[in-house]
Amino acid sequence: MTLPQILSVTVLTAMMGLFIWGRFRYDVVAVMALLAGVATGVVSPKAAFTGFSDDIVIIVGSALVLSGAVQRSGMIDRMMLFLQKRVKRVETQLLVLTASVGFASALVKNIGALAMMIPVAFQMSKRSNIAPSAFLMPMSFASLLGGLMTLIGTSPNIIVSRVREEMTGEPFRMFDYLPVGLGLTLIGLVFLPLGYRLLPRDRRAAPTLGEALDIQDYVTEVRISPRSPAVDETVSEFITRHEHEVTITNLIREGNRSAPFPDTVLRVEDILILGGSPDSLERVIAGDRLELEGRETISDNGSDIGVIEAVVGTDSPLVHRTASRMQLRERFGVNLIAVSRQGERLVRRLGNIMLSAGDVIVLQGPLDLLPERLRDLGCLPLAERSLKLGSNARRTVLPLLILGAAMIATALGLIPVAVAFFAAAGLVVITGALPVREAYSHVEWPILIMLGALIPVSDSLRTTGASDLIGEHLSVFASTLPPWGAVMLIMGAAMAVTPFLNNAATVLVMAPIAATFATGLGYRPEPFLMATAVGAGCDFLTPIGHQCNTLVMGPGGYKFGDYARLGAPLSVLVLLCGTPLIMWFWPAV
């Protein structure tokens, strides 16, 4: 080996060691590796920042924004709410959850698809009276398998596509991954609803401060719109249709209070005082097109509007006063949209409730002003937790239509992937489907920094000739193996490395080696690149190799070793089934 080759391998080996050690965050490790590469001369100063202009960074960032827009639209929540009311057995619920996450991961970034479905998993686990840990890890693994089906499902597919383009002049297209990815996803959907029993039954997440302070008995005020399905329903039918998740504590019709008897028929413009948990209230209000009281008095600019939970302090000017008397909207520019009082069932209209010290309230208003308004009102914010109630989320299919158009355009080869998804991300912001503030919050900046920093570092293996050398040695080792054995070797190597590296980092290192390996054996590069993508995308052994596994570790209460209990047999299935699938659709010769 030449000195540049030795230095390149040393930098990458040290980088892997730091990833495994876990002392520094992965984006910091990537920056350290880039600086080391420049300092040792294996990365030229001119090439140091080329990674940040790479199409991969644009595609991944845009895909995260699109995932956030689809998640915010609530369309998936609606579909899953319809299903969860009709599915009762744990195995069937698990099949519905894993299938939903798996196939959604083909359309949006797999971590985005998983994040959308975690609240549904908690609802199902609560209904079935089992620990969420029975659902969350299988869902994470299903999201990894589902991400293998399309170009945008996971970062390794995007990177491998670029490597193929560099080698052959033709990238992998949007659905080139579908035959192999779909086959592996279906195998996973058969295994996971059965294999979840391998997980310990006693795993539960430690309660967070936000959960400890979770308030479930809020009341809010809504108006029935002409388009609402609640029109002409009786109170009993309304409550039953929503499975008793909410209650009607009072009804105001034409300014007069009316008792909500079970046979009372609901009419347009009726005002309902609804009681229930924030999530239940939000689902009912959004699903039935009910109008939250005071919504017309707050700016329609969704990027500026949010909600906050707070407790009324003993010295608050709100004590012994009503929201109407305090003129919260006129003087402070905020809405009182929900109130909870321990041990008491509130039946008055929100503006007429006499507030007391210790009441928990939900205020809606401009996000940049809410902290200041809390101080002015003598209220203390509760532990941070996400509330959709009153957040001005738009229920629309627009993000799905924009995403579908981008996928069709790229699949037909009309527009490059980076341009299509950057344009789609811009459109969901321009059209208001995703506020600018939320768009930036959905971008995982550490992932983008890591990608931009590692692209020139990993490319140093090629520029110094180290990847050719490693590929030649692997070729000698595999020279006695049949083609399927060589493909399995590459897939196994990628699966072995990805638990200790980020999956994108694994592909950046392994893809050039796999391509050289294939050339040395006289085979076509496609099956070996596909094997690299599958291996790097299938980390089922640890919580650190992929963000999806990390995401469910805390909520599921899992320990490090729990992942291998379910993941090891699934990894073997992927190796045994993935290899013939790749060889069938992407012959080596």
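**Figure 1. Helix α21, residues 483-497, in a predicted model.** Helix α21 has 15 residues and reaches 22 Å from its first C-alpha to its last, close to the 21 Å expected at 1.5 Å a residue. The expected span of a helix is 1.5 Å times one less than its number of residues. Helices (H or I, at least four residues) and strands (E, at least two) are DSSP runs, numbered from the N terminus. This is a predicted model, in which local features need pLDDT of at least 70 and side-chain atom pairs count only at pLDDT 80 or more, while totals for chains, interfaces and linings use all residues. Residues are numbered from 1 along each chain as its sequence is written, and side-chain values use heavy atoms, with hydrogens and water left out. In α21, the residues Gly485, Ala486, Val487, Ile490, Met491, Ala494 and Met495 are buried. Buried means under 20% relative accessible area, exposed means over 50%, and partly exposed lies in between (1.4 Å probe, protein chains only). The buried residues of α21 pack against α22 (503-521), α23 (526-537) and α25 (562-585).

**Figure 2. Helix α5, residues 90-104.** Helix α5 has 15 residues, and from its first C-alpha to its last it reaches 21 Å, close to the 21 Å expected at 1.5 Å a residue. Of the 15 residues of α5, 12 are buried, so this helix is largely enclosed by the rest of the structure. The buried residues include Val90, Leu94, Val96, Leu97 and Val101. Glu91, Gln93, Thr98 and Ser100 are also among the buried residues of α5. For the setting of both helices, the protein chain has 25 helices and 9 strands, and 55% of its 589 residues count as buried.

**Figure 3. The largest nonpolar core, with 123 residues.** A nonpolar core is a set of buried Ala, Val, Leu, Ile, Met, Phe, Trp, Tyr and Cys residues joined through side-chain atoms within 4.5 Å. In the largest core, the residues that touch the most other members are Met139, Phe421, Leu451, Leu454, Phe528, Val534 and Ile582. Helix α22 gives the largest share of this core, 11 residues. Leaving aside its neighbours within four places in sequence, Leu451 is in contact (heavy atoms within 4.5 Å) with Ile56, Val57, Val60, Ile159, Ala504 and Leu508. Another core lies apart from the largest one and has 25 residues, among them Val319, Leu346, Ile353 and Leu363. Over the protein chain, residues 24 or more positions apart account for 80% of the contacts with a separation of 6 or more.

Figure 4. The structure holds 6 aromatic pairs. Phe172 and Tyr177 form a tilted pair, 5.3 Å centre to centre, with 55° between the planes. Rings of Phe, Tyr and Trp (its six-membered ring) pair if their centres lie within 6.5 Å; planes under 30 degrees apart count as stacked, over 60 as edge-to-face and the rest as tilted. Phe172 counts as buried at 2% relative accessibility, and Tyr177 is buried with a relative accessible area of 1%. The rings of Tyr558 and Tyr563 have centres 5.8 Å apart and planes at 65°, so this pair is edge-to-face. Tyr558 counts as buried at 6% relative accessibility, and Tyr563 counts as buried at 0%. Phe172, Tyr177 and Trp586 form one aromatic cluster. Arg23 lies over the face of Phe24, at 5.5 Å from the ring centre. A charge sits over a ring if NZ of Lys or CZ of Arg is within 6 Å of the ring centre and within 35 degrees of the ring normal.

Figure 5. Strand β7 (residues 335-340) is mostly covered, as 6 of its 6 residues are buried. Strands β7 and β8 (residues 360-366) pair in the antiparallel sense over 5 bridges; two strands pair if DSSP finds at least two bridges between them. The bridge partner of Val339 in β8 is Ile361. Leu369 is found in the loop between β8 and α15 (370-377). At 31% relative accessibility, Leu369 counts as partly exposed.

Figure 6. Most residues other than glycine have a negative phi. Glu254 is in the loop between β2 (246-253) and β3 (256-258), and at 76% relative accessibility Glu254 counts as exposed. Glu269 is in the loop between β3 and β4 (271-276) and is partly exposed, with a relative accessible area of 43%.
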